[in-house]
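Thanks for making time this morning. I would like to walk you through one model, so please have the sequence and the structure open while I talk.

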Amino acid sequence: MKNLEIAGIFEHLADVIEIKGGEPFRVNAYRRAARVLSDLPEDIAAVAEEGRLTELAGVGKGTAAKIEEYLETGAVSAYDQEMKGVPEGLLELLAIPGLGPKTIGLLWRELDVRSVKGLRRELRRGSIPTLPGMGAKKAENIAAGLRAYASRSGRSTLGSILPTAEAILTDLRGHDAVLAADLAGSVRRRRETIGDIDVLAASNRPGEVIEAFTELSCVEEVLASGETKASARVEGALQVDLRVVEPASYGAALLYFTGSRDHNVHLRGLAQERGARLNEYGLTKGGRKLAGRTEEAVYHKLGLAYIPPELREDRGEIEAAAEGELPDLLTVDVLRGDLHVHSDWSDGLAGIETVARAAKSRGYSYVAITDHSHSLGVANGLSVERLRKQRKEIERVNRSVKGIRVLAGTEVDILSDGTIDFPDEELARLDVVVASIHSGFRQPEDRITKRMVAACGNPHVDIIAHPTGRLLEHREPYAVDLERVMAAAAETGTALEINAHHERLDLNDVNARRAVQMGASLVINTDAHNTDQLWSIELGVATARRGWVESGDVLNTLTPAKLLKRLSDGRASA
């Protein structure tokens, strides 16, 4: 799929225009189109072929023409035109946390900064604080971002590569020489960031499978190709490694290549205690093969219940499997709704009725519209007056769209002094109140923690959203004592969110598990800004599963009536 490639071009177009001081409406239009394409679950080439490009929210005639141009020629002439005279190294600066296009444009114009090397030069010279609107603190923040950039992991977020991985898997499974195929490695374990994609296939005709893999339409470069193994680069410079094994060893190989390393080492130790040997070919003892065709058989022969891939991190899952005490992990199908979704009343792309119908098509019983509050002006946050008008629109949608309940809500800012951005009397009129931090990220740990604890103590706040504020591979979490926040949430009945957006997954798996252990409830939400992002609920569920979370720990598994009772002021226990 070319979705990510074209999204990247539009994002770069927006960046270059902003660096050059161009019109904000053009910047916003390209960023909106990039966001739509990044989250689109369909192949954009198929959408174009069917003539449906302009049906996508945020894609007008001009944008559609550029998409078609790229699909036909592999280039966008408008991008080439905008890039004239722009040093190539400027775009690399955009990867530095906290350094945006406007600041980069200022550094370029005033100090002739054209690359990371040039930025380091001006930091050493001390010239950056002298620029208009900068100062010593800003220069210090840029230096910190540069250090973070230098130590970046080079990994991709799970959500950004999962559609590509699953498309490859689907193509391979469709080949008649493939008897079975699965994703392996950290993708199968659903780790939040991924180095590369591992795929395993079972076949008695491995050569045909290798050939089919290297000829997939998404393959841009074949890195290696042998009798049973191949590697290739696909869309987005991702590396995909394929291994083909005989069917009798498929389960053992899948177990081995799924990992984690620590989990596998522990399993091999159990095998050795039984006088057996475990490797990617099977579980053997005295030259006799005990198991290998399926993972379940290998676990069974080791005296263990089957362990889901998400748990395979050697965090007690093997001991739990031996005692028959593995958690009954949450699944996507038990979620009845999404409690954090944005509409075009703030910075979302879809109208409320469109959101409602999209949520209904997923089988949900409810969806909450939680647009930003007025202090977040950059996101077109709602004033009290607009919030009241929105409630009337939600009432209208509830009358016209049957089979789903649209809940009136807000994502209200927890302000720098710990107060809440809307008056209590307005919050009391809403079905669900999501509170979050969008400013003051650099405050000391104690102050940020007190802000969040105070929000938990507000009787109208139901959910604390994305509790650490991190953006994977872009922004570190702010300093917060999560133990104190979890304790406050457990005491007040405030739910903590697992935000399913692929750049957040916040709470992470470890913190989600700890929150449940401390007695706090969880919710899993998408924070969707267009309806194509609703699919990412799967990523939140994967994070929850990695955190040993069961359905009873998650509020949005409740029926509408039970949920509303749980969310009512006073938050009686469900």
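Let me start at Arg-513, which lies over the face of Trp-548 at 3.8 Å from the ring centre; a charge is taken to sit over a ring if NZ of Lys or CZ of Arg is within 6 Å of the ring centre and within 35 degrees of the ring normal. Helices here (H or I, at least four residues) and strands (E, at least two) are DSSP runs, numbered from the N terminus.

Before going on, a word on where this comes from: this is a predicted model, in which local features need pLDDT of at least 70 and side-chain atom pairs count only at pLDDT 80 or more, while totals for chains, interfaces and linings use all residues. Residues are numbered from 1 along each chain as its sequence is written, and side-chain values use heavy atoms, with hydrogens and water left out.

Staying with H23, residues 537-546, nine of its 10 residues are buried, so this helix is largely enclosed by the rest of the structure; buried means under 20% relative accessible area, exposed over 50%, and partly exposed in between, with a 1.4 Å probe and protein chains only. Among the buried residues are Ile-537, Leu-539, Val-541, Arg-545 and Arg-546. What do the buried residues of H23 pack against? They pack against helix H10 (158-173), E11, E16, helix H22 (509-517) and E17, where contact means heavy atoms within 4.5 Å.

Three of those partners are strands of an open sheet of seven, ordered E11-E12-E13-E14-E15-E16-E17 with parallel pairing; two strands pair if DSSP finds at least two bridges between them. Strand E11 (337-341) and strand E17 (522-525) stand at the edges with a single partner strand each, so one side of each is left without a neighbour in the sheet. E11 is joined to strand E12 (residues 366-369) by three bridges, and Val-341 stands opposite Ile-369 in E12.

Is Thr-494 buried or exposed? Thr-494 is buried, with a relative accessible area of 0%. Its side chain reaches the backbone oxygen of Cys-456 at 3.2 Å, and a polar contact of 2.7 Å joins it to the side chain of Thr-492; such a contact is a pair of N or O atoms within 3.5 Å, where within protein one must be able to donate a hydrogen and the other to accept it, and residues adjacent in sequence count only if both atoms are side-chain atoms.

Now to some backbone geometry that deserves a careful look. Most residues other than glycine have a negative phi, and most peptide bonds are trans. Asp-527, in the loop between E17 and H23, has a positive phi near 60° and counts as buried at 5% relative accessibility. Asp-112, in the loop between helix H7 (101-111) and helix H8 (116-125), also has a positive phi, of about 60°, but counts as partly exposed at 40% relative accessibility. The peptide bond from Asp-506 to Leu-507 is cis, with omega near 15°, and Leu-507 sits in the loop between E16 and H22. The bond from Gly-259 to Ser-260 is cis as well, with omega near 0°, and Ser-260 belongs to the loop between helix H13 (250-258) and helix H14 (261-273).

Turning to the aromatic rings, the structure holds four aromatic pairs; rings of Phe, Tyr and Trp (its six-membered ring) pair if their centres lie within 6.5 Å, and planes under 30 degrees apart count as stacked, over 60 as edge-to-face and the rest as tilted. One of the pairs is Tyr-256 with Phe-257, edge-to-face at 4.9 Å centre to centre and 90° between the planes. Tyr-299 and Tyr-306 have ring centres 5.8 Å apart and planes at 90°, so this pair is edge-to-face; Tyr-299 counts as buried at 0% relative accessibility, whereas Tyr-306 is partly exposed at 30%.

To finish with the overall picture, the protein has 24 helices and 17 strands, and of its 574 residues 52% count as buried. Its C-alpha trace spans about 75 × 60 × 55 Å along the principal axes.
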